[in-house]
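User: I'm new to this one. Can you walk me through it?

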Amino acid sequence: MDHNRTPLFSALQDHAKKNPLQFHIPGHKKGVGMDPEFREFIGDNALSIDLINIAPLDDLHQPTGVIAEAQQLAADAFGADHTYFSIQGTSGAIITMIMSVCSEGDKIIVPRNVHKSIMAAIIFAGAKPVFISPVRDKNLGIDHGITTRAVRKALEKHHDAKAVLVINPTYYGVVTHLKEIVDLVHSYDLPVLVDEAHGVLIHFHDKLPTSAMQAGADMAATSVHKLGGSLTQSSVLNVQGPRVNTKRIQTIMSMLTTTSTSYILLASLDTARRQLATRGYEIAEKAIELAQYARNAINEIPGLYCFGEELLGQEATYAYDQTKVTIHVRHLGLTGYDVENWLRDNYNIEVEMSDMYNILCLVTSGDHKENIDTLLTALKHLSDEHIADAKAHELVVTIPEIPQLSLSPRDAFYGETEVVPLKESAGRIIAEFIYVYPPGIPILLPGEVISQSNINYIVEHVEVGLPVKGPEDRSCEFVKVIVETKAID
């Protein structure tokens with residue numbers, strides 16, 4: 001295929017040049033009816049292609065023209081049989097993946113440290129999650145992937161599962177032996193679904209981990225916007241092999257997607273594919289070189305540590321994406337949150353994320369050496385300012401055992417509920433989510449039985465100021481639980 005072509009973007013440009021008289025939405029009519037300040041900021045070129053699914057521009061819900069061509073080119077670029085554009089982000093692609101293979105009551109094997117979109121899909125489908133604990137890194141305070149051994153145990157115990165979902169790579173860039181897991185799951189004739197939100201570049205460079213499609217996975221939801229050059233909220237769902245129904249995938253994707261699809265987002269996917277297909281190796285190579293330069297320099301700064309190849313060699317650390325620069329800050333006597341705020345306040349630097357012990361910086365082809373040098377200068381200043389009096393925080397990564405799932409997540413989420421004090425909720429079935437950071441694994445999910453150890457863990461973390469996410473009561477003093485039927489006297 002000719003990857004220099006951009007069928008969708010070219011069609012949009014041609015349409016804009018014709019400058020047709022528009023009696024259709026959007027109502028701003030190429031920006032004329034828009035707030036002038038916003039129009040000037042965005043620019044008339046962008047507004048001229050803010051269009052809808054009129055005949056010359058195809059329809060994402062049932063593509064037969066330029067969108068279909070653009071998706072075929074993307075499939076070729078990613079090594080897939082079929083690729084579906086998602087303007088609902090990778091979350092929309094993940095929900096589509098799960099709903100295309102799971103129905104009410106079906107089991108799906110998933111890591112415990114899943115993105116919330118995975119649990120949303122399980123609730124929508126009425127499926128039952130079978131959780132596998134990720135491997136916890138006791139030195140860094142982060143979670144890696146799941147092991148082949150754990151997947152084998154889950155399949156032996158739950159041979160009626162409909163699919164296995166794997167995260168590849170993790171947010172921190174570490175991967176398990178995906179090919180080995182795929183081969184194992186396929187021996188049970190089950191599909192492998194991959195959350196590849198943070199792995200768009202890995203398909204295009206041999207120094208990076210194996211991509212989902214290269215490993216033989218059946219479906220992979222991939223965030224092109226995160227690292228691949230498209231606009232925020234644009235992603236792809238890559239599909240291959242006979243274990244999934246492509247017509248059902250298209251139907252579900254359509255159900256989850258707005259009918260007012262953004263052609264600006266779609267065009268950014270078309271052009272990002274061109275860049276990845278024609279220059280992907282070069283783009284990845286630049287990012288790897290810059291990240292390795294940063295990694296080596298950071299490891300010379302007192303009190304900081306940035307992991308590399310020395311982390312590898314275990315089941316859950318089979319390979320890693322070098323462009324993810326995870327900086328361990330505990331030995332400066334600071335938390336990752338402290339460092340994130342310090343970098344913002346002192347150097348106007350924004351990092352990707354922070355946790356109790358680390359900050360994460362993403363290095364892409366959009367960076368250059370001057371960017372990295374500014375970060376290094378800031379980190380040296382940080383070290384100079386704190387190393388003399390640094391007392392390392394004790395690294396504690398403990399978490400209660402995975403609770404008993406008493407109701408399906410959907411039944412719990414939509415069930416009759418009441419609000420009770422968290423400290424009095426032991427033994428009750430929770431009807432909402434509770435995540436505690438670190439380490440980011442869900443503590444409680446809808447349908448699980450709350451234990452006293454869960455309560456103690458949450459209270460301890462709230463009291464030291466760590467963010468608790470999920471519950472409607474942000475203070476976490478109260479929690480929503482399933483109403484219990486009282487016994488009749």
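This is a predicted model: local features need pLDDT of at least 70, side-chain atom pairs count only at pLDDT 80 or more; totals for chains, interfaces and linings use all residues.

User: Start with helices. At what angle do H12 and H14 cross?

Analyst: Roughly 20 degrees. H12 covers residues 263–298 and H14 covers residues 369–386. Their axes come within 10 Å.

User: Roughly parallel or oblique, then?

Analyst: Roughly parallel, because the crossing angle is under 35 degrees.

User: Is that crossing left-handed or right-handed?

Analyst: Right-handed.

User: Which residues in H12 and H14 meet?

Analyst: From H12, Leu 290, Tyr 293, Ala 294, Ala 297 and Ile 298. From H14, Lys 369, Ile 372, Asp 373, Leu 376 and Leu 379. By class, eight residues of this contact are nonpolar, two are charged and none is polar.

User: And H1 with H12? What angle do they pack at?

Analyst: About 130 degrees, with the axes 7 Å apart. H1 spans residues 7–18. That angle makes H1 oblique to H12.

User: Which residues make that contact?

Analyst: H1 brings Pro 7, Leu 8, Phe 9 and Leu 12. H12 brings Tyr 263, Leu 266, Ala 267, Asp 270, Thr 271 and Arg 273.

User: What about H1 and H4? How do their axes cross?

Analyst: At roughly 145 degrees, and the axes come within 7 Å. H4 is residues 66–78. On the H1 side the contact uses Pro 7, Leu 8 and Ala 11. On the H4 side are Val 66, Ile 67, Glu 69, Ala 70 and Leu 73. Seven residues in the contact of H1 with H4 are nonpolar, one is charged and none is polar.

User: Switching topic. What volume does the second largest pocket have?

Analyst: About 300 Å³. The lining of this pocket has 17 residues. Val 135, Asp 137, His 144, Gln 314 and Thr 317 lie nearest its centre.

User: How does that pocket's lining split by class?

Analyst: Five nonpolar, seven polar and five charged.

User: Now the backbone. Where are there cis peptide bonds?

Analyst: One joins Ile 25 and Pro 26, with omega about 5 degrees. Pro 26 sits in the loop between H1 and H2. Another joins Asn 168 and Pro 169, with omega about -5 degrees. Pro 169 sits in the loop between strands E6 and E7.

User: What is phi of Lys 29?

Analyst: Near 50 degrees, a positive value in a residue other than glycine. Lys 29 is in the loop between H1 and H2.

Methods. Residues are numbered from 1 along each chain as its sequence is written. Side-chain values use heavy atoms; hydrogens and water are left out. Axes are lines fitted to C-alpha atoms, for helices over the stretch in contact, and angles run from 0 to 180 degrees between N-to-C directions. Helices (H or I, at least four residues) and strands (E, at least two) are DSSP runs, numbered from the N terminus. Angles under 35 degrees count as roughly parallel, over 145 as roughly antiparallel, 65 to 115 as roughly perpendicular and the rest as oblique. A crossing is left-handed if the near helix is turned anticlockwise from the far one by less than a right angle, and right-handed if clockwise. Contact means heavy atoms within 4.5 Å. Ala, Val, Leu, Ile, Met, Phe, Trp, Tyr, Cys and Pro count as nonpolar, Asp, Glu, Lys and Arg as charged, and the others, Gly among them, as polar. On a 1 Å grid over the protein atoms alone, a cavity is a set of points where a 1.4 Å probe fits but cannot get out, and a pocket is an open set with protein on both sides within 12 Å along at least five of seven lines; lining residues have an atom within 4 Å of a point. Grid points are joined across faces, edges and corners, and a volume is the space filled by probe spheres set on the points.
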